[in-house]
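Here are my notes for your review. Please read them with the structure open.

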Amino acid sequence: MRAWMLESPSQVALEGTAAGPLTLREIARPEPGPGEVRLRVDACGVCHTDLHTAEGDLALPRLPIVPGHQVIGTVDAVGPGVADVPIGTRRGAYWLRRACGTCAACLRGEENLCERAEFNGLHGHGGYAEWMTVPAAYTVPIPERMESHAAAPLLCAGVIGYRSLRLADFHPGGTVALFGFGASAHLVLQLAARQDAKVFVFTRGESHRRLARELGASWAGMPGDEAPELADSAVTFAPAGSVVPQALQAVRPGGTVAINAVHMSDIPSMPYSLLYGERTLRSVANLTAQDARDFIALADRLDIRAQFTTYPFTAANEALQDMKASRVDGAAVLDVGGA
Ligand SMILES: [Zn+2]
Ligand SMILES: [Zn+2]
């Protein structure tokens, strides 16, 4: 089968070349081990974390590695011990590949913080390939009416956005401020707006502000602008530490700011008064299998749709370039099944 391999990380060019850190290789089709299923991959979302992986910003426990952790495919083989995932059904694989189940975090039910967690596209080959194997317990059923390419971005941008909104103490009918407006924020906006929340979006790009209004934002402005009122909850998506004081400034006393970022530049020094008034500031790390199940079911019920741009399977390096240069509105998706 064909698979995009990261053999050694390197910088992604901003434009102009089809070359990049990933190399298209012919490798053996994987066989599912105990507890695993094999997916014939249909679509794989391209995530900012893939860019961090390809450029070597993350510690890489295994090389070469096939990236990709927003994977929709059809189960075409199951390993020993898999009884509940029928062949022929569509499943999604996401960032968390497996948690150990025995560490202190897992025993507290916080498998997203598992000390021995493994991630797709980092510890195990991901979805930038025609087939992938993944533990059955860490896959999510994909509802009938969700088209594969449209559903792929829901699996990282969507699920982690959902978790961020929850950790920002979101409640239906509340007021939410979003800082940055990429793949994750445009899904969080829909999730909040369809639960009768007022949503304020702070983003530099005019096209992003327009899209935010189209998708149901009550207000969209530049970072530093003042929204019509203080929000109950805020989620930051931009990887710049400078958004943290801005977000604290935008929430009411008792409100919560959740940081949805794996990497962030240093948070600048700020007056304590921004935090005082029992505001809460917290980060969001990874996701649980339950988050994925809950969010996909909710996204189906609320008819949440990703805005996405499809790239041919052979254009993985171009997709990373476009993402790095912020040329993608919404999410980028690799059309693996159409290859
Ligand atoms: Zn991701
Ligand atoms: Zn664990």
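1. A residue counts as buried under 20% relative accessible area and as exposed over 50%, with partly exposed in between. The model is predicted. At 3% relative accessibility, aspartate 291 is therefore buried.

2. Aspartate 291 pairs with arginine 163 in a salt bridge, with the closest N and O atoms 2.8 Å apart. Arginine 163 sits in helix 4 (residues 157-167) and aspartate 291 in helix 8, so the pair ties together parts 128 residues apart in sequence. Arginine 163 is buried too, at 11%.

3. A second salt bridge links arginine 145 and aspartate 303 (4.0 Å, N to O). Arginine 145 is in the loop between strand 9 (139-141) and helix 3 (148-151), and aspartate 303 is in the loop between helix 8 (289-302) and strand 16 (308-312), so this contact ties together parts that are 158 residues apart in sequence. Arginine 145 is exposed at 53%. Aspartate 303 is partly exposed at 27%.

4. Arginine 210 and glutamate 206 meet at 3.9 Å, N to O. Both lie in helix 6 (residues 206-214), 4 residues apart, about one turn of the helix. Salt bridges with shared partners also join Glu36, Arg97, Arg98 and Glu118 into one network. The structure holds 19 salt bridges.

5. Now the metal site. Which residues donate to the zinc ion (ligand 2)? They are Cys100, Cys103, Cys106 and Cys114, each through SG, at 2.3 to 2.4 Å. Their spacing in sequence is C-x2-C-x2-C-x7-C. The 4 donor atoms subtend angles of 104 to 118°, so the arrangement is tetrahedral. Cysteine 103 and cysteine 106 are buried.

Definitions and conventions. Residues numbered from 1 in each chain as written. Chains lettered and ligands numbered in written order. Predicted model: local features only at pLDDT ≥ 70, side-chain atom pairs only at ≥ 80, totals over all residues. Heavy atoms only, no water. Donors = N, O, S within 2.8 Å, 3.2 Å for Na, K, Ca; no water. Tetrahedral: all angles 85-135°; square planar, octahedral: opposite > 155°, others 65-115°. Buried < 20%, exposed > 50% of the residue type's maximum accessible area, 1.4 Å probe, protein only. Salt bridge = Lys/Arg side-chain N within 4 Å of Asp/Glu carboxyl O. Helix = DSSP H or I, 4+ residues; strand = E, 2+ residues; numbered from the N terminus.
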